[in-house]
Each structure stands twice: as structure tokens, then as C-alpha cells.
Amino acid sequence: MKEITTKKLVDTIVEGIQNKKGEHIVTIDLRKISEAPVEYMVIAEGNSNTQVNAIADEVDYFVRCETHVHPLAIAGQDNAEWIAMDYGTVFVHIMQREAREFYDIEHLWADGKVKEIKGE
């Protein structure tokens with residue numbers, strides 16, 4: 001099986017989020033930040049715990065089908081206000097709006113290259 005590039009992984013994650021109508025999708029390229037824990041972060045919003053869970057499930061399923069990559073860990077599924085998925089080189093944060101505004105991850109990593117993904 002051939003190695004998947006981090007960029008391909010990010011693109012596949014974004015597509016999985018879009019499949020379940022995730023909103024306000026942002027990617028942050030952290031490769032130039034030496035203290036960053038990963039190469040990329042992908043952040044998206046869902047409007048309810050049900051949608052946040054559905055987005056996370058779709059990302060997990062879609063990434064497995066398209067790339068055969070499994071997350072190393074998934075956390076937050078119990079209350080689904082914020083689900084974090086660890087793909088080794090990529091962290092995925094799927095959050096409800098209130099949690100996203102409160103934690104403001106984009107601002108914390110604003111030294112990275114922040115890119116907003118436009119809706120379809």
C-alpha cells in the first residue's frame with residue numbers, strides 16, 4: 001500500500017466534512033512552526049451534537065475508504081460539543097459554534113497559514 005501525503009489526507013478530511021454539511025471549514029498549515037504538534041489542523045463547525053457526531057463519523061468512514069488511514073485517537077464523542085480526531089500529522093476539530101468561539105483555535109495557531117474553505 002502506498003504512502004498517503006499529508007495534503008491528500010487534509011483534502012480527504014475536508015471532503016468528508018463537506019459530505020455532512022460541516023460549516024466554516026478552516027485548514028491551518030503548521031509545517032513552518034517548530035513547536036506545532038502536527039503539520040495541519042482542520043477545524044469545522046456543526047450546529048448540534050447530532051451533526052458534530054455525524055461529521056466525525058463521516059470523516060472517519062470517508063478517510064478510511066479513500067485512503068485506508070485510521071485515526072490514532074478520537075475524543076469528545078460523548079457530549080459532541082467538540083470532537084477531536086488525531087491522524088498523526090493532522091488534528092481535526094469538529095465543534096459546535098459556542099465551543100469554537102470560546103476556544104478560538106484559529107487565533108492560537110494564527111502564525112500558521114490559515115485557509116478558509118469556501119462552501120460548495
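Mentor: Happy to! Let us begin with the term itself: rings of Phe, Tyr and Trp (its six-membered ring) pair if their centres lie within 6.5 Å, and planes under 30 degrees apart count as stacked, over 60 as edge-to-face and the rest as tilted. The structure holds two aromatic pairs. One of them joins Trp-82 and Tyr-103, with 4.8 Å centre to centre and 50 degrees between the planes, a tilted pair. This pair links distant parts of the chain, since Trp-82 sits in strand S4 (residues 82–86) and Tyr-103 in helix H3, 21 residues apart. Helices (H or I, at least four residues) and strands (E, at least two) are DSSP runs, numbered from the N terminus. Tyr-103 also pairs with Phe-102: the ring centres are 4.9 Å apart and the planes lie at 85 degrees, so this pair is edge-to-face. Together, ring pairs link Trp-82, Phe-102 and Tyr-103 into a cluster.

How open are these rings? Buried means under 20% relative accessible area, exposed over 50%, and partly exposed in between (1.4 Å probe, protein chains only). Trp-82 counts as partly exposed because its relative accessibility is 26%. Tyr-103, at 42%, is partly exposed, while Phe-102 counts as exposed at 65%.

Asp-104 has 33% relative accessibility, so it counts as partly exposed.

A note on reading all this: the model is predicted, local features need pLDDT of at least 70, side-chain atom pairs count only at pLDDT 80 or more, and totals for chains, interfaces and linings use all residues. Residues are numbered from 1 along each chain as its sequence is written, and side-chain values use heavy atoms, leaving out hydrogens and water.
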